[in-house]
Amino acid sequence: MKMYVRRVLLICILAVLMATAVLAAPEQEYPTGVSGEATWTLKGDTMYITGQGMLSGVSNADCQPWEYFQDQIRHVVVEDGVTLIGDVIFAHTYNLETVTIADSVTEICEGAFRNCYALKTVKLPANLQRLGNFVFAYCEKLESAELPDSLTEMGGSVFTGCSSMTSVRLPNDLYDVQQMNFDSCMSLTEVTIPAGVGFLRHASFPNCFNLKKVVFEGDQPHTNGDPFYMGPADLVVYCYNDAKGWDDALFYTYPVVKLDRGAQPPEEEKPADDLTIPDDGGDKKPEQKPEEPTSGETETLAPPDAMPGVTVPADQPTSPSGSAVDLPVQAEDAVAQLPEPPAAEQPPEEQPEKQPGMTPVLLVGAAAVAVCCVCALLMSRRKVKREK
């Protein structure tokens, strides 16, 4: 009799332990890991970034935590709670096509998505405050990126080599537009400069051979050279009649058309698919992919010869602002009077949610063991009564 009861109890305990193991085991194991204060998980071809805090950067693309799975990544989803995307963390992810970033992210650091040649779509966070140098450099298939008005600081060469971009609207709170931000954007035809932009550096939009229309919504910004250096000869600048400063000759190279505040500038035709560099001396230059700079610093261009209104002494070094030409007196005053950018508000620290542990599963298992023991005792009593 006692042997019978022991066997029943042993069977019940084994059954409960097996059920507990099944409940505790994950449905399917995915590649996962921790980088900084964030956790990454690769499910199929989608990389999910979760956590409360920053996703740490790396020194180069060969040090990425998902190095062995890099070719599988086609989509990246940064979920709510992540606040920062580190340096070079997704650079050279050649099959990456889409990126979606939650509004909790306030900063994307240098080269985070550089050389992602297949990247087509990017959803930037509404609370983004800073973009580092070369963040989307050489993303050849990137057609557009809506820059939120919360963006107050954008490094140099952010969209260099994005040859598929067709139009750009700068953020209203971005006061200083750095050099080479939109270098060699071959398909770019239209640029909108909001009233909040107060300084355009020399060669902010260089080598944009199909740029036809630039619309300024406010007063004429300061500049230290030609923001559209090496651009097309038929570029037209549009401004509004009630804006100030447009009678000065800072934009001497291009015709300025004044509009009534409610009027819209004419639509421009999209460039042909076969984009070529304009002829120079009758010989057509073949289209070339821009070479990548070897350092993280912004590239500089030599200024055009005999630029009216800009005097460049031969023995004077390059200006400390990193521009390609020395500042004229008016622009030096403008740079000196640039307001200090407001300190970025730090989001309140959120306490991480407690992850469910094994306690509920163990309680269920213990309860099941107790139930099985009671059932076994009842069955043994019935058998004893029958034998009597």
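How many helices and strands are in the chain? I counted three helices and 17 strands. I note at the outset that the model is predicted.

**Whole chain**

I looked up burial next: of the 388 residues, 41% count as buried. I then took the contacts with a separation of 6 or more; residues 24 or more positions apart account for 43% of them.

**Cysteines**

I searched the whole structure for disulfides and found zero. Cysteine 162 is in no disulfide, and I looked for its nearest cysteine sulfur. That sulfur belongs to cysteine 139 and is 5.3 Å away.

Is cysteine 162 buried or exposed? Its relative accessible area is 0%, so I list cysteine 162 as buried. I also checked cysteine 109, which counts as buried because its relative accessibility is 11% and the cut-off is under 20%.

**Serine 104**

I located serine 104 in the loop between strand E5 (98-101) and strand E6 (107-108). With a relative accessible area of 18%, serine 104 is buried. I looked for what surrounds this residue: leaving out residues up to four places away in sequence, serine 104 touches Glu79, Asp80, Gly81, Val82 and Thr83. For valine 82 I have a distance as well: a polar atom of the serine 104 side chain lies 2.7 Å from the backbone oxygen of valine 82.

**Sheet E11-E13-E15**

I traced an open sheet of three strands, in the order E11-E13-E15, and the pairing is parallel. Which strands stand at the edges? They are strand E11 (176-177) and strand E15 (222-223). Each has a single partner strand, so one side of each is left without a neighbour in the sheet.

I then looked at strand E13 (residues 199-200), which is joined to E15 by two bridges, the two strands running parallel. Leucine 200 stands opposite threonine 223 in E15.

**Serine 204**

I followed the chain into the loop between E13 and strand E14 (213-216), where serine 204 has its place. Serine 204 is buried, and I have its relative accessible area as 0%. Which residues does serine 204 touch, not counting residues up to four places away in sequence? I listed Val177, Gln178, Gln179, Met180, Asn181, Phe182 and Pro227. Among these, Val177 is in the residue range of edge strand E11 (176-177).

Note on methods:
Residues are numbered from 1 along each chain as its sequence is written. This is a predicted model: local features need pLDDT of at least 70, side-chain atom pairs count only at pLDDT 80 or more; totals for chains, interfaces and linings use all residues. Side-chain values use heavy atoms; hydrogens and water are left out. A disulfide is a pair of cysteine sulfur atoms within 2.5 Å. Buried means under 20% relative accessible area, exposed over 50%, partly exposed in between (1.4 Å probe, protein chains only). Helices (H or I, at least four residues) and strands (E, at least two) are DSSP runs, numbered from the N terminus. A polar contact is a pair of N or O atoms within 3.5 Å; within protein, one must be able to donate a hydrogen and the other to accept it, and residues adjacent in sequence count only if both atoms are side-chain atoms. Contact means heavy atoms within 4.5 Å. Two strands pair if DSSP finds at least two bridges between them.
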